[in-house]
Amino acid sequence: MATRVIMPQLGESVVEGTVTKWLKKQGEPIAEFEPLVEINTDKVDTEVPAPAGGVVLRLYVGEGETVRAGTMLAVIGQPDEAVPEQPGQPAAAAEARAPSPSEPRPPAAPSDLGFISPVVARIAAEHAVDLGRIRGTGQGGRITKKDVLAAVGSEPTLAAPAPWEQPALGELFRPTEEVFGASGEAQTMEPTMAPPGSLLPLDSVRRAIADHMVLSKRTSPHVTTVMEADLSRVVAHRQAQRSAFQRDGVNLTFTPYFVSAAVEALKAFPLVNASWSDRGIVLHRGVHVGVAVSLGEKGLIVPVIKDADQKSLRRLASEVNDLAARARARQLKPDEVQGGTFTITNHGISGSLFATPIINQPQCAILGVGAIQKRVVVIDDAIAIRPMVYLSLTFDHRILDGASADGFLARVVQALQNLT
Amino acid sequence: MPEITLIEGIRQAMDEELARDERVFVVGEDVGPRGGVFRATLGLFDKYGAGRVIDSPLAELSIVGVGIGAALYGMRPICEVQFADFIHPAFNQIVNEAAKMCYRSKGDWTVPLVIRAPYGGGIGGGLYHSQSVEAFFAHVPGLKVVIPSNPYDAKGLLKSAVRDPGPVLYLEPKKGYRLIKGEVPQDEEVLVPIGPARVSRAGRDLTVLAYGMMHHYALQAAEAAAADGIEAEVIDLRTLYPVDRSTILASVGKTSKALVVYEDNRTGGYGAEIAALLADEAFTDLDAPVRRLAGPDIPAVPFSHPLQDWFMVDAHKIGQAIRDLAAY
């Protein structure tokens, strides 16, 4: 049985990938899970392992070629197996190859044929055989496997394509459409008058971000609510722990504090750690927090801290370091940018006080963290100078109402202010 | 090459393993001076002494429990349960302790234990000396279940079982102890790996899947059917858990018809799992329903001889099922 190797979907909004290098040549033997091909996308570079062992029967995509996720890249099987010339659906290929019968005879209605066993149905489909023209010799005149094989042998058909095995399981090998469903195209307003200027071509990251932003805005009614938090304790804690963390090789930034506070609030408000579906609101069991990392002009990527609720501040800090560093080096693994249930974006880095971020679908909410600034605040009717931050929460109004969203955000503020 | 009986293969395996490794010992009811109720340990007591061929009290729970403890202590026990019918008091020890130890201790502890038990009917043994118990145990990850059908495999599988790092339940088709004979080389080591099934007869028209005594009958039935021009492929499963899926699927992929034969009660018997495997993974290869030929769903193998014959699957019944399936 030949096995298809498919261009995987490497990241939530990545729809295509480039074959950078084949690690096996056509005709070379390969073991299951042995690296077969290096794939490059605008978000990650990775190796794709062989979904089955055997011989690399055919490579369909050359090095340097860019194809959509779900495209067949290669076929692995046994040396003598036939493979199709073009990567296509085997059923369609068989149909196209069907010989037009010389005698004009209407195909028999399915009910006339008696019981058709699975293997007979399969062979007939593969060879485009008209079962109505075969005389059955089985029980009650049933067409047996031997009957259909005899008919195939006598029919002037081309060599049959090898029977397809299901591609290996796992997200990596599933066609994109199966994973995400066919998504609608974003509406584009073509400029009616061409103003003077030049056209900047879109790269795939730009297009992926654009598609996702439009999809998100069209999908969820966005509402943003803003609160501010006094970070005195966070700043003091960070100051006190920084060198201790440094000794362990961990650069303690503010981000893990925000992740930790968000996790506490997510546990208290499970409705925020959720997704909308027509059947109901899906409450996620795991708390997986995405942290947006800017790649400068190359766009941005959101690596995910898995099971953030199971992790200490130290662990969060070291994972934030690691994911951010590898994000910038484009060395993230595909599953490190998938599966988030909530996202934090630290727009304060570029000086922004507060923003209205767009929800990372299919999540419920996104937390924007503004710039930390010392501000004058009134505490117990006295004027004090405190490190303050604005926190913006954009949420899906289908799932949350204002009061519960504010309850969540207040809990984040409380966690930051009451840090012990 | 000399021809020996199946039980002689078992005896030789224990003899050789006792000689090879001083951690190996045999424990069970009447295994000592008497040489076992079926004579599987005949002569071993005289050869290795009371310290290594140990008569136990009539308590299967303790035979297996002692074996587990000794295995954890570094020994290589071979526990004999006199009849598989009496293994049930030890069920908790086997399933809850032996099978789970490696998993439970994250691999720190393993239980290199062999439990031998004669199983199966057709010997006039009635309710308590005829049972097939494999389905209970082939359901338990952590436990390997092995059933030989001939003297060569009996010897080679038992020796492999003794050397296996985990617990192995080794079920012996007792009707075949002296009925089934075969050539086994005596001047070389015979080892048969646990895991792979064996295509014992090649054929094109259908696949018969069996083990133990039923495999012996299946071969006879396949030979008889060949006279009618039906070429049945016969597979001896040998290891029931973990089962050799690739050999099974390759054969049924070729023949497109499968007959699963087992002696146990039909409902929930081990062959039901094979049938389910084929329905699941060989669906588009099938040209006929997967057939099961098994014992009837009654509480026990009857003592009355005519009723015992009615209960037992034999070569004649398998032959009929082969012809029916070939004609489908």
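This is a predicted model: local features need pLDDT of at least 70, side-chain atom pairs count only at pLDDT 80 or more; totals for chains, interfaces and linings use all residues.
View 1. Most residues other than glycine have a negative phi.

**View 2. A:Asp380, a positive phi in chain A.** Phi of A:Asp380 is near 50°, and this residue is not a glycine either. Look for A:Asp380 in the loop between strand 18 (373–379) and strand 19 (382–396) of chain A. Is A:Asp380 buried or exposed? A:Asp380 is exposed, because 5 other C-beta atoms lie within 10 Å.

View 3. A:Gln361 and A:Pro362 are joined by a cis peptide bond. Omega is about 5° there. A:Pro362 sits in a loop of chain A. Strand 16 (342–345) lies on one side of that loop and strand 17 (365–369) on the other. Most peptide bonds are trans.

View 4. In chain B, a cis peptide bond links B:Tyr241 to B:Pro242. For this bond, omega is about 0°.

**View 5. An open sheet in chain B.** This sheet has 5 strands in the order 9-11-10-13-14, and its pairing is mixed. Which strands stand at the edges? They are strand 9 (198–201) and strand 14 (291–295) of chain B. Each has a single partner strand, so one side of each is left without a neighbour in the sheet. From one strand to the next, the twist averages 25°.

View 6. Strand 10 (residues 206–210) and strand 11 (residues 232–236) of chain B run parallel. They are joined by 5 bridges. One residue pair to find is B:Val208 and its bridge partner in strand 11, B:Val234. Helix 13 (residues 315–327) of chain B packs on the sheet. Helix 13 touches strand 10, strand 11, strand 13 and strand 14 of chain B. Its direction makes about 165° with that of strand 14. Helix 9 (residues 212–226) of chain B lies across strand 9, strand 10, strand 11 and strand 13 (258–265). Helix 9 runs at about 165° to strand 11 of chain B.

**View 7. Helix 1 against helix 7 in chain B.** Helix 1 (residues 6–20) and helix 7 (residues 151–163) of chain B pack with their axes 7 Å apart. The angle is about 30°. The two helices are therefore roughly parallel to each other. Their crossing is right-handed. Helix 1 brings residues including B:Leu6, B:Ile10, B:Ala13 and B:Glu17 to the contact. Among those from helix 7 are B:Tyr152, B:Lys155, B:Leu158 and B:Val162. By type, the contact residues divide into 8 nonpolar, 2 polar and 5 charged.

**View 8. Helix 7 against helix 8 in chain A.** Helix 7 (residues 255–268) and helix 8 (residues 313–328) of chain A have axes 9 Å apart. They pack at an angle of about 125°, and are therefore oblique to each other. The crossing of these chain A helices is right-handed. From helix 7 come A:Thr255, A:Pro256, A:Val259 and A:Ser260. They meet A:Leu313, A:Leu316, A:Ala317 and A:Val320 in helix 8. The residues of this contact divide into 6 nonpolar, 2 polar and no charged.

**View 9. A hairpin in chain A.** Strand 10 (residues 274–277) and strand 11 (residues 280–283) of chain A pair in the antiparallel sense over 4 bridges. How many residues lie between the two strands of this hairpin? There are 2. A:Ala274 stands opposite A:Leu283 in strand 11.

**View 10. Chain A and its contact with chain B.** Chain A has 9 helices and 19 strands. Of its 420 residues, 34% are buried. Where the chains touch, 9 residues of chain B are in contact with 9 residues of chain A. The chain B side divides into 5 nonpolar, 2 polar and 2 charged residues.

Note on methods:
Residues are numbered from 1 along each chain as its sequence is written. Chains are lettered from A and ligands numbered from 1 in the order in which they are written. Two residues are in contact if their C-beta atoms, placed from the backbone, lie within 7 Å. Ala, Val, Leu, Ile, Met, Phe, Trp, Tyr, Cys and Pro count as nonpolar, Asp, Glu, Lys and Arg as charged, and the others, Gly among them, as polar. A residue is buried if 20 or more other C-beta atoms lie within 10 Å of its own, exposed if 12 or fewer, and partly exposed in between; C-beta atoms are placed from the backbone. Two strands pair if DSSP finds at least two bridges between them. Axes are lines fitted to C-alpha atoms, for helices over the stretch in contact, and angles run from 0 to 180 degrees between N-to-C directions. Angles under 35 degrees count as roughly parallel, over 145 as roughly antiparallel, 65 to 115 as roughly perpendicular and the rest as oblique. A crossing is left-handed if the near helix is turned anticlockwise from the far one by less than a right angle, and right-handed if clockwise.
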